[in-house]
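This report describes the fold and a few local features of one protein chain. Please read it with the model open.

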Amino acid sequence: MSAVLKDDNRKVTTHRLFEMKQRGEKISMLTAYEYSMAKIIDQAGMDVILVGDSASNVMAGNITTLPITLDQMIYHGKSVMKAVKRALVVVDLPFGSYQGNSKEALASAIRVMKETHADCIKIEGGAEIKESVQRVLCAGIPLMGHLGLTPQSINKFGTYAVRAREEAEARKLMEDACLLEELGCFAVVVEKVPAELAARVASKLRIPVIGIGAGNGVDGQVLVMHDMLGINQEFSPRFLRRYANLYEVITESVQAYIKDVKAGDFPNEKEQY
């Protein structure tokens, strides 16, 4: 038993994720954006922690992921890295920091790696960002891809509906996934695509395929921490399973605190010096 626990406590690396896929062990992945929650999630045994650009929504209150800046992502990445000992930490490159300019992509990736000490980065897109992917990978920076519903392209899509239902888009997604693997990405996230297609992608690729709203035929799952813990009550897609209702717990706790303060019951004699 001790040997198993010792092995489980080893730092998760990109190679370990590859090994997990090879032996059929599912990969757990969750977002975190700051020190305290990242520490809890890491100590709970999470395999991968994503410092997602979803921070734009759940931390900054923006409607989309587009407004968050590279400086803000680096701030969140630094905060998470100070807490994490075991999980592989992935930081999203935000909108505008890599699309259409491979030199800017490399500069952005280098800043994230140097300033946050994160393990790797994630970017959205396939063939259209091939040059950026190549330049980042040539610098020795591990890269996770992201296909399907790519939130940074939401204004192009115009909807958060399921992607790749049509044959042409499904074929492109498969081609893009194969391209990302061929270029050297260590894993790919597929978001909100038909389960059957996601399973075919996972079966085709040697690298891990992490799903969100992509069924159970992939190599792992990722969710946004605020959604999974029920902190965010306004987002309820079919693929989301809420494991807690922290919105209710926190609301009741805050209301109890207000009540005790108003009544003069807090602090009591044991809670003062």
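Helices (H or I, at least four residues) and strands (E, at least two) are DSSP runs, numbered from the N terminus. With that naming, lysine 82 is placed in the loop between helix H5 (70-81) and E3. The model is a predicted one.

## The barrel

Eight strands form a closed barrel in the order E1-E2-E3-E4-E5-E6-E7-E8, and their pairing is parallel. Direction ignored, neighbouring strands of this sheet are turned by 25° against each other on average.

Strand E3 (residues 88-92) and strand E4 (residues 120-122) run parallel and are joined by three bridges. In this part of the sheet, valine 90 stands opposite cysteine 120 in E4. E4 also pairs with E5 in the parallel sense, over two bridges. There, lysine 122 stands opposite methionine 144 in E5.

How many of the residues of strand E5 (residues 143-148) are buried? The count is six of its six residues, so the strand is described as mostly covered, where buried means under 20% relative accessible area. In a regular strand the side chains alternate between the two faces of the sheet. In E5, Leu143, Gly145 and Leu147 point one way, while Met144, His146 and Gly148 point the other way, and all are buried.

## Helix packing

Helix H6 (residues 102-116) lies across E3 and E4 and runs at about 135° to E4. Two packed helices are described by the angle between their axes and the distance between the axes. The axes of H6 and helix H7 (residues 130-138) come within 8 Å and cross at roughly 40°. The crossing of H6 past H7 is right-handed. On the H6 side the contact is made by Ser102, Lys103, Ala105, Leu106 and Ala109, and on the H7 side by Glu131, Ser132, Arg135 and Val136. By type, the residues of this contact between H6 and H7 are four nonpolar, two polar and three charged.

H7 also packs against H9, at an angle of about 25° and with the axes 10 Å apart. Is H7 roughly parallel or oblique to H9? H7 is roughly parallel to H9, because angles under 35 degrees count as roughly parallel. The crossing of H7 and H9 is right-handed. H7 contributes Lys130, Val133, Gln134 and Leu137 to the contact, and H9 contributes Leu179, Leu180 and Leu183. The residues of the contact of H7 with H9 divide into five nonpolar, one polar and one charged.

## Backbone exceptions

Most residues other than glycine have a negative phi, and most peptide bonds are trans. The table lists residues of this model that depart from the phi pattern.

| Residue | Phi |
|---|---|
| Histidine 117 | positive, about 70° |
| Alanine 164 | positive, about 60° |

Histidine 117 is found in the loop between H6 and E4. At 57% relative accessibility, histidine 117 counts as exposed, because the cut-off for exposed is over 50%. Alanine 164 lies in the loop between helix H8 (154-157) and helix H9 (167-183). Alanine 164 has 4% relative accessibility and so counts as buried.

The peptide bond from phenylalanine 266 to proline 267 is cis, with omega near 0°. Proline 267 lies in the segment after helix H12 (246-263).

## Single residues

Lysine 82, in the loop between H5 and E3, is exposed, with a relative accessible area of 66%. Lysine 82 and serine 36 are 46 residues apart along the chain, and their C-alpha atoms are separated by 9.6 Å.

Phenylalanine 157 has its place in helix H8. Which residues does phenylalanine 157 touch, not counting residues up to four places away in sequence? They are Gly148, Leu149, Thr150 and Arg163. Gly148 is also one of the buried residues of E5. Phenylalanine 157 and leucine 106 are 51 residues apart in sequence, and from C-alpha to C-alpha they are 26 Å apart in space. Leu106 is among the residues through which H6 contacts H7.

Notes. Residues are numbered from 1 along each chain as its sequence is written. This is a predicted model: local features need pLDDT of at least 70, side-chain atom pairs count only at pLDDT 80 or more; totals for chains, interfaces and linings use all residues. Side-chain values use heavy atoms; hydrogens and water are left out. Two strands pair if DSSP finds at least two bridges between them. Axes are lines fitted to C-alpha atoms, for helices over the stretch in contact, and angles run from 0 to 180 degrees between N-to-C directions. Contact means heavy atoms within 4.5 Å. A crossing is left-handed if the near helix is turned anticlockwise from the far one by less than a right angle, and right-handed if clockwise. Ala, Val, Leu, Ile, Met, Phe, Trp, Tyr, Cys and Pro count as nonpolar, Asp, Glu, Lys and Arg as charged, and the others, Gly among them, as polar. Buried means under 20% relative accessible area, exposed over 50%, partly exposed in between (1.4 Å probe, protein chains only). Angles under 35 degrees count as roughly parallel, over 145 as roughly antiparallel, 65 to 115 as roughly perpendicular and the rest as oblique.
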